[in-house]
Amino acid sequence: MSSTWSLPADIEIPVRHPMAPEPGAQMREHWEKCFGCGSDQPTGLGMTFIAGEGLTVEAQFDVAHRYQGGPGVIHGGILSTGFDEAMGTCCMLLANSVVTAHLEVDYARPIVLGSTLKFSCRIDGAVRRKVYSSAEAYVDGSNAPVATARALFVQIDMDQHFKDTKQFIDHF
Ligand SMILES: CCCCCCCCCCCC(=O)SCCNC(=O)CCNC(=O)[C@H](O)C(C)(C)COP(=O)(O)OP(=O)(O)OC[C@H]1O[C@@H](n2cnc3c(N)ncnc32)[C@H](O)[C@@H]1OP(=O)(O)O
């Protein structure tokens, strides 16, 4: 790994929200038209999420042929999208809405089309509105991660953040 990523000295471990899904329960999509998780987004990844213990989430999606980058393998941007969505959903264990401020990925192995890509994500800590997360991605039959990622999410006020794009919301 070539990352220079480091966590801030004043980081604290936040409390999982009491209303967060129980460990083992499926976590819902955050927006039905989202490319990562939306059920009303036919070209999207269709990711699914299971809440883990503590501040952890497991996520996955099937690597369809339309996600091809090089011959027979996933496009790197799609893999990064998977991390973004999985780690962002993990932050929802705190029951606040977040957006990605920083995301970095180390690509360790090519990922073959047709694989099921699985993500193990966690919240590493928080400072004010900042939530720090890290994750690894695996494919079946491999104990070593095929990629790793670290990200910073920032908690937002939904009404304020999307005030100029409300016309895209037909219903909640
Ligand atoms: C969809 C909802 C449903 C919930 C969704 C759950 C799953 C979602 C998964 C997909 C998520 C996405 O792809 S979201 C789409 C991609 N991301 C975006 O479009 C975000 C675009 N950026 C922004 O809107 C803005 O820059 C924000 C909101 C990130 C921050 O702006 P702000 O609200 O004005 O706050 P600001 O004061 O600037 O920053 C707050 C703190 O974060 C730090 N900070 C900000 N950016 C960075 C950065 N790149 N690197 C380091 N630190 C940073 C600041 O120094 C500050 O630290 P300190 O002073 O406190 O120390």
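**A walk through the predicted chain and its ligand shell**

Residues are numbered from 1 along each chain as its sequence is written. The average pLDDT of the chain (the predictor's confidence in each residue, from 0 to 100) is 95, and 98% of the residues score at least 70. For the model, ipTM is 0.97 and pTM is 0.97.

Arginine 128 is not a glycine either, yet it has a positive phi of about 50 degrees. You will find arginine 128 in the loop between β5 (116-127) and β6 (130-139). Arginine 128 counts as exposed because it has 9 C-beta neighbours inside 10 Å.

Now step back to the whole fold. The chain has two helices and seven strands, where helices (H or I, at least four residues) and strands (E, at least two) are DSSP runs numbered from the N terminus. Read from the N terminus on, the order of the elements is β-β-β-α-β-β-β-β-α. The C-alpha trace spans about 40 × 40 × 30 Å along its principal axes. With 172 residues, a compact globule would have a radius of gyration near 16 Å, and the chain agrees, with 16 Å; this radius is taken over C-alpha atoms, and the globule rule is 2.2 Å times the number of residues to the power 0.38. Of the 172 residues, 28% count as buried. Two residues are in contact if their C-beta atoms, placed from the backbone, lie within 7 Å. Among contacts between residues at least 6 apart in sequence, 66% join residues at least 24 apart.

The UniProt record, an unreviewed entry, places the feature "domain: Thioesterase" at residues 72-139; such annotations may be inferred rather than shown by experiment. Over residues 72-139 the chain is 24% helix and 47% strand, with the end C-alpha atoms 15 Å apart.

Next comes the ligand. It is surrounded by 18 residues, the closest being Gly88, Ser97, Val99, Ala101 and Val154; a residue is near a molecule if its C-beta atom, placed from the backbone, lies within 6 Å of it. Two or more residues of this shell come from each of α1 (76-91), β4 (98-107) and β7 (147-155). β4 gives the most, with five residues. By type, the shell divides into seven nonpolar, six polar and five charged residues. Here Ala, Val, Leu, Ile, Met, Phe, Trp, Tyr, Cys and Pro count as nonpolar, Asp, Glu, Lys and Arg as charged, and the others, Gly among them, as polar.

We finish at alanine 147, in strand β7. Alanine 147 is buried because 23 other C-beta atoms lie within 10 Å. Leaving aside neighbours within four places in sequence, alanine 147 is in contact with Leu79, Val105, Asp106, Tyr107, Ala108 and Ala137. The C-alpha atoms of alanine 147 and proline 110 are separated by 9.0 Å, while the two residues lie 37 residues apart along the chain.

Notes: Predicted model: local features only at pLDDT ≥ 70, side-chain atom pairs only at ≥ 80, totals over all residues. Buried ≥ 20, exposed ≤ 12 C-beta atoms within 10 Å, placed from the backbone.
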